Amino acid sequence: MADISIRDVRKSYGKDEVIHGVNLDIQTGEFVVILGPSGCGKSTLLRMIAGLEDITSGEITIAEKVVNHLEPRERGCAMVFQNYALYPHMTVADNIGYALKVAGMPTAERIEKVKQVASSVGLTEFLDRRPGVLSGGQRQRVAMARAIIREPEVFLFDEPLSNLDAKLRVQMRHEIRRIHNRVKATSVFVTHDQHEGMTLADRMVIMNKGTIDQVGTPEEVYNAPATTYVAGFIGSPAMNFLPGRVLASHAAVVLEEGSSLPIPSQAAQTMDGKLVQIGARPEALSLCRPGSGTLTATFEFYEELGSEGLHHLKIEDVQFSVLSENKMRLDEGTQIGVTIPQEALHIFDADTGRRIEISDPIHAIETA
Amino acid sequence: MRRAYFKNNWIAALVVAPQLLIIFVFFYWPSSQALYWAFTLEQPWGGGNEWVWFENFAYLLSDDRYWQSVRVSTVYALATTALAMGMALILALFADRQLRGYKSFRIGLIWPYAVAAPAIGLAFRFIFNPSAGVASYLNYAFPDFWDPIMNGSHAMTMVIIAGAWKQVSYSFIFFLAGLQSIPRSLTEAAAMDGARPMRRMMDIQLPLLTPTFFFLLVINITDSFTDSFGIVDTMTSGGPARATNLMVYKIYEDGFRGLDYSGAAAQSIILMILVISLTFIQFRYVERRVHYT
């Protein structure tokens, strides 16, 4: 049992507070991905769990035990570092077996264990080499093996894939998921790559400037982003935003350029006159003849993505994109209609950026 | 590293000329003169010399006093190097842990490097003076405990401490830089692997410091063979009974006090060969094994 509980944790460097009261519960065996851009405090949070950074205030417990003042070695976590942090003067075998050596395991037993773990990640033939002669992917494996061999209750990953090339990154991602399914250790994985986050996570934690914006399964985060920040961060190409105002008389959100997007009248009543941000994912939209869609836009340029095409448009001065199987080529400046299905609409408070729930989005998608 | 190339070679020549001139005047010329003198017998008050081939060297190598000087020099070099590097390493390890106030310690520890050897010698002469210095309290408590004026090994100890103190700061700078160039994530990884600070030091920091260590070993040994004159001259003048008559000091004594120019020249050639070969051996055979790729 190694659930992690984070209670109102703050971190300051001098006067600068970088983590502003974070609360998070991670279940035993869960794979949680902490996602956010650089500087959002995600690595700092991970390092506080690991014990490499002091906790300014708040409490972190691992397996019901408060670990605030415990040394890293007393917390039962293993960590994979971004730059792998392999010991350059030791062989691969010594790197993998170092934790066991420190723990005082007899040499014969240790060597046996190292061999076993090395073969499980495909490193058997590299055991007596130094990390300096290995490729990026191999070093990554050594770092993984070094963490696995301790059979930790908690696995911490600090952007472990960001130094790899695209193909290797996908391979290692699958490898990590496979290892997790086998080992079943509680895992916390920090990354700025939303694809890694979406594909690996049981649950995702989206961080923004030292606070948590949303915690949820990848589907929840994608389908019902809690803030404009999450909505813009998750999903590729990024979600479109248009400013507008709710008018109860129209039972709609009226955009600046005049077109209106109908919403349930009950919802419109309760927030009559409110300034909002309308969000719509490019992949939920489609193109149509000018005048026939929800709104009209000016065509800017086209990107071919192979299976689909991405049309970049402009509505007033706002960038807008539509991702669809429609691959028609247009001239720059052409007027084109955009259809926005009601269930594809996300509405956010223009002041706070928080999501305003108008209907059950999951349900809406299913009926669509 | 990017290199700059000059099309106008005369500019390059002009720029390096002062440096080349200085090297020539203060190194190649005196060295070649010493080499010449080492093979001749110079009259004490001038007035011609005589080519004697290896006679000066033969005389030196059969002279017990010369071997005694080599012996004390070796003791001095090894002891100073060990003491200086040991102290520097300990201080650097502490400074690297970034405990409270480490920045002012760091500056304070680098300072001694800027102090001239004779000044250090004088200061330590006061400290270790058996009847007036700090050490006199020791003699008051334990009579005859400390007497560098009469006791050769006391004198040697004193010179070694002063010499080591002079070299600590230089090694400290390099050790600290070496420690700080070890990625923090390595010690963090070791901490995650369960190693305590002492263990991390032994397993991670010190092994990764070996290139710095060997570089400093070369520099320190060379330095203590060649750069001990100021300290010996101010503290003991080579005494008592030649107990601190290091090779550099003997060259000065024989040459300028004893007016044996040829013998002194031969000694400086031997010292030069010794230092060059030490450096060569260390860089060629030792340093090669301590690079990690």
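This is a predicted model: local features need pLDDT of at least 70, side-chain atom pairs count only at pLDDT 80 or more; totals for chains, interfaces and linings use all residues.

Colleague: Fine. How many helices and strands are there in chain A?

Modeller: Chain A has ten helices and 21 strands. Its C-alpha atoms fill a box of roughly 80 × 45 × 40 Å along the principal axes.

Colleague: And what share of the residues in chain A is buried?

Modeller: Of the 368 residues in chain A, 52% are buried. As for contacts between residues at least 6 apart in the sequence of chain A, 66% join residues at least 24 apart.

Colleague: Where are the domains of chain A?

Modeller: Domain 1 of chain A covers 4-229 and domain 2 covers 239-367. Taken over C-alpha atoms, their centres are 38 Å apart.

Colleague: How many residues of each are in contact?

Modeller: Nine from domain 1 of chain A and twelve from domain 2 of chain A. The area buried between these two domains is about 920 Å², with carbon and sulfur atoms giving 57% of that. On the domain 1 side, A:Tyr222, A:Asn223 and A:Thr228 lose the most area to domain 2, together 55% of what that side buries.

Colleague: What about salt bridges and polar contacts between the two domains? How many of each?

Modeller: Zero salt bridges between domain 1 and domain 2 of chain A, but five residue pairs in polar contact, both residues at pLDDT 80 or more.

Colleague: Which helix gives the most to the domain 1 side?

Modeller: Helix α7 of chain A, residues 218-223, with three residues. By type, the residues of domain 1 that touch domain 2 are five nonpolar, three polar and one charged.

Colleague: Changing topic, A:Arg355. Buried or exposed?

Modeller: A:Arg355 counts as buried because its relative accessibility is 17%, and the cut-off for buried is under 20%. A:Arg355 lies in strand β21 of chain A, residues 355-356.

Colleague: What does the side chain of A:Arg355 have for polar partners?

Modeller: A polar atom of that side chain lies 3.2 Å from the backbone oxygen of A:Pro225. The side chain of A:Arg355 also makes a polar contact of 3.1 Å with the side chain of A:Glu357.

Colleague: OK, on to the two chains. How many residues does the contact take from chain B and from chain A?

Modeller: It takes 18 residues from chain B and 26 from chain A. The two chains bury about 2000 Å² between them, 61% of it on carbon and sulfur atoms.

Colleague: How many salt bridges between chain B and chain A?

Modeller: One. B:Glu188 pairs with A:Arg47 in a salt bridge, with the closest N and O atoms 2.6 Å apart. Across the interface of chain B and chain A there are also eight residue pairs in polar contact, both residues at pLDDT 80 or more.

Colleague: Which helices of chain B supply at least two residues each to that side?

Modeller: α8 (184-192) and α9 (197-208) of chain B. α8(B) gives the most, with seven residues.

Colleague: And how do the residues on the chain B side divide by type?

Modeller: Ten nonpolar, three polar and five charged residues of chain B touch chain A.

Key. Residues are numbered from 1 along each chain as its sequence is written. Chains are lettered from A and ligands numbered from 1 in the order in which they are written. Side-chain values use heavy atoms; hydrogens and water are left out. Domain bounds come from an automatic or database domain assignment. Contact means heavy atoms within 4.5 Å. Buried area is the accessible area (1.4 Å probe) that two parts lose on being put together, summed over both. A salt bridge is a side-chain nitrogen of Lys or Arg within 4 Å of a carboxyl oxygen of Asp or Glu. A polar contact is a pair of N or O atoms within 3.5 Å; within protein, one must be able to donate a hydrogen and the other to accept it, and residues adjacent in sequence count only if both atoms are side-chain atoms. Helices (H or I, at least four residues) and strands (E, at least two) are DSSP runs, numbered from the N terminus. Ala, Val, Leu, Ile, Met, Phe, Trp, Tyr, Cys and Pro count as nonpolar, Asp, Glu, Lys and Arg as charged, and the others, Gly among them, as polar. Buried means under 20% relative accessible area, exposed over 50%, partly exposed in between (1.4 Å probe, protein chains only).
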